[in-house]
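In this notebook I record what I looked up about the pockets of one protein.

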Amino acid sequence: MKDIVNYLFKNQDLKYKDFTSKSIPGVNNIIGVRLPIISKYAKEINKDSKLRNTFISDLPHKYHEENILHGFLISLNKDINSVLEELELFLPYIDNWAVCDTINPKVFKNNLDYVYSYIEKWIKSNKEYTIRYAVVSLLKFYLNDSKYIKKNNKLVSSIKYDSYYVNMAIAWYYSFALVKQYDSTIDIFENKKIKNKWIHNKSIQKSIESYRIDNNRKDYLKSLKI
């Protein structure tokens with residue numbers, strides 16, 4: 001997609017490229033385009049269904065910002081079946097946390113039960129960022145309703161893939177679970193059900209950084225660190 005790549009290079013910011021490169025170690029295909037510019041461009045492309053669909057199907061992309069743009073375009077899609085089809089195609093190509101965490105389809109909110117079966121499948125993947133995306137989706141969409149919490153916690157605890165970016169997503173998930181569903185989550189830490197010490201402690205650390213947990217609970221959580 002030559003025109004799209006040309007547009008991205010026209011909006012290159014070399015200082016931002018250096019900043020992004022430091023935050024995503026090992027990713028060497030960065031142009032250096034700020035997210036608000038890519039987000040605005042995604043909305044323009046989304047108006048042209050032919051261009052949008054051609055770009056979406058043109059995988060793999062060469063540049064990091066093309067992947068970010070791809071994620072924004074999926075997020076703008078309002079058809080749940082189409083979103084899930086596009087995610088199934090795109091997730092295996094994601095190679096860093098920044099692209100992974102950018103994908104935020106609002107349409108998930110009205111289709112939680114339907115999407116859950118996909119999350120259950122993604123969380124069993126052997127692809128690092130497919131697993132991370134599943135965990136982050138649970139964090140973003142499934143912690144406000146108490147009916148999901150026990151199933152969520154069991155699902156996250158079943159993950160066997162040991163990598164920094166998966167483990168960080170798990171810790172991030174548990175920290176939000178402690179904030180939003182404390183009574184249904186605290187026993188995991190009281191009974192040391194998380195076998196990975198780093199995840200256990202990082203979850204507590206992230207949770208006590210939240211202003212939504214009162215000081216008494218923060219003190220208790222500190223006492224549960226290993």
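I kept in mind throughout that the model is predicted.

Entry on the second largest pocket. I looked up its volume, which is about 190 Å³. I then turned to the lining and found 14 residues there. Nearest the centre of this pocket lie Tyr16, Thr20, Ile24, Leu35 and Ala98. I listed the elements that give two or more residues to this lining: helix H2 (14-23), helix H3 (35-46), helix H5 (64-76) and helix H7 (97-102).

Entry on the largest pocket. I found a volume of about 270 Å³ for the largest pocket. Its lining is made up of 15 residues. I asked which of them lie nearest the centre of the largest pocket. They are Ser157, Ile159, Lys195, Asn196 and Ile199. I noted that helix H10 (149-157) and helix H11 (164-180) each supply at least two residues of this lining. H11 provides the largest share of the lining of the largest pocket, 3 residues. I recorded the residues of this lining as 8 nonpolar, 3 polar and 4 charged.

Note on methods:
Residues numbered from 1 in each chain as written. Predicted model: local features only at pLDDT ≥ 70, side-chain atom pairs only at ≥ 80, totals over all residues. Heavy atoms only, no water. 1 Å grid on protein atoms, 1.4 Å probe; cavity = no way out; pocket = protein on both sides within 12 Å on 5 of 7 lines; lining within 4 Å. Points joined across faces, edges and corners; volume = space filled by probe spheres on them. Helix = DSSP H or I, 4+ residues; strand = E, 2+ residues; numbered from the N terminus. Nonpolar A, V, L, I, M, F, W, Y, C, P; charged D, E, K, R; others polar.
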